[in-house]
Amino acid sequence: MRTVTDSAGSNQPGPTARPRGDTSPWIDSEPWEVVGIRHDSPDVVTLDLAPPGPFEFLPGQFNMLYQPGIGEVPISISGDPADHRHVLHTIRDVGPVTSALCALRPGDQVGVRGPYGTSWPVAAAEGGDLVIVAGGIGLPPLRPALYQALSRRDHYGRVVLLYGARTPGDLLFTDELGAWRARFDMHVSVTVDAADPDWRGNVGVVPDLLRRAPFDPGATSAFVVGPEIMIRFTVRALVEAGVTDDRIYLSLERNMQCAVGMCGHCQLGPYLVCRDGPVFSHQKVARWLGIREA
Amino acid sequence: MPQTLEPLLRDHKFFAGLDPDYLSLLVGCAANEVFPADAFLFREGEPAQTFYLIREGKVALEIAAPGRGVLVVQTLGEGDVAGFSWLIAPHRWEFDGRAVEPVRAVRMDGMCLRAKFDDDPRLGYELMRRFARLTVNRLQATRLQLLDVYGRAHGN
């Protein structure tokens, strides 16, 4: 069995950051079966996939999901890393491949290769406060990190989840948000960009939630996922609050196509996001984030 | 011995680090207020002579739009300040401020404050700096909202 360790904090990806089939990165396993479907919002679906054999992943890693004749896309794993039989992928319908994936039904099959990429340094964050900041479809890649942290809740100080979406109807995992909010050992705050007066929650942006959130900036690790503009504003608010650059981690989504560092489409400065990321410390990638794409 | 509002001002983020002498001066312009859910702290178009330090609860900044109902622009919460209009002429509220849930706040009298700023420009400068910071944060937040960053992306 492979050793499972955090990998984002190190210069070199850890053992599990390597693709499973180093000799052949392409499909070399049996298809996975869709065993459950959940419609999380009008354009977001979570597929519950059963792997043909034991499957392990680290929070923050992704799989390449393949539909014959249509194409392949990188999708973060959104379920519990401790559950090796139900591997969840939360997918937003934004194009032909994701649309085909969102239309799958129980019993259908999906090509899967992975897991790929670096992971959230969940264990390294122990001993301090953990602030998880998600925007839009950024919550699914963070949920495994939250599951893992909550499974060892007494090893952390405050656990804070801040989540922003476009409207109340776009919020994902609403049942779980309610359950997390009901816990006494967790601070959950949600905001939306626009809402009608019936919405009793916050309207505004995630950086505003940060300014109100309870955490000790000097002893905080922050994990951030969302659209890159939201990430940049959030990082500024974290730094302004006093969280150091080396304890802010991001997951980036660039044009990942091969997932094994061969095609070069996801290059970010000296890094390939599929191979060296998607989870990076902000310190590592800060200078490359604001550069305009050619 | 009657309790003053000075500890409430000192504990609020907006006044963090302010010279205690100035806090003593400002407390004369402060009053405690409680609003039940759905009560209005202020209404669009009315004279703006106050601002509020929110201690507890949520306040929605809203505007009524014909054909679209009431739109919530932003929600403010504990530690936030509601109200800039008292500071700049013509001193009229630009939005409705409605308590989404029961709200405890300290109401600051703008006319009283402006008089103190005129008497002590150093105090005025310090408070203006704080309001400028708040204004910039709100402007950036509004820009981020306008960018609609969670809008439908095109991809695979």
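A residue counts as buried if 20 or more other C-beta atoms lie within 10 Å of its own, with C-beta atoms placed from the backbone. By that criterion, 30% of the 156 residues of chain B are buried. The model is predicted.

**Chain B**
- Chain B contains four helices and eight strands, and their order along the sequence is α-α-β-β-β-β-β-β-β-β-α-α.
- A box of roughly 65 × 30 × 30 Å, taken along the principal axes, holds the C-alpha atoms of chain B.
- Of the contacts in chain B between residues at least 6 apart in sequence, 73% join residues at least 24 apart.

**Contact between chains B and A**
- The contact involves 25 residues of chain B and 29 residues of chain A.
- On the chain B side, β4 (59-65), β5 (69-76) and α4 (121-146) are the elements that give two or more residues.
- The largest share of that side, six residues, is from β5(B).
- By type, the chain B side has eleven nonpolar, ten polar and four charged residues.

**Sheet in chain A**
- An open sheet of seven strands with mixed pairing has the order β10-β9-β8-β7-β11-β12-β15 (chain A).
- Its edge strands, β10 (202-203) and β15 (279-281) of chain A, each pair on one side only.
- Strands β8 (residues 159-165) and β9 (residues 187-192) of chain A run parallel and are joined by six bridges; A:Val160 stands opposite A:His187 in β9(A).
- Helix α2 (residues 139-151) of chain A packs on the sheet, where α2 touches β7 (129-135), β8, β11 (220-225) and β12 (248-251) of chain A. The direction of α2 makes about 160 degrees with that of β7(A).
- Helix α5 (residues 228-241) of chain A also packs on the sheet, touching β7, β11 and β12 of chain A, and its direction makes about 165 degrees with that of β11(A).

How values were computed: Residues numbered from 1 in each chain as written. Chains lettered and ligands numbered in written order. Predicted model: local features only at pLDDT ≥ 70, side-chain atom pairs only at ≥ 80, totals over all residues. Contact = placed C-beta atoms within 7 Å. Nonpolar A, V, L, I, M, F, W, Y, C, P; charged D, E, K, R; others polar. Buried ≥ 20, exposed ≤ 12 C-beta atoms within 10 Å, placed from the backbone. Pairing = 2+ DSSP bridges. Axes fitted to C-alpha atoms, helices over the stretch in contact; angles between N-to-C directions.
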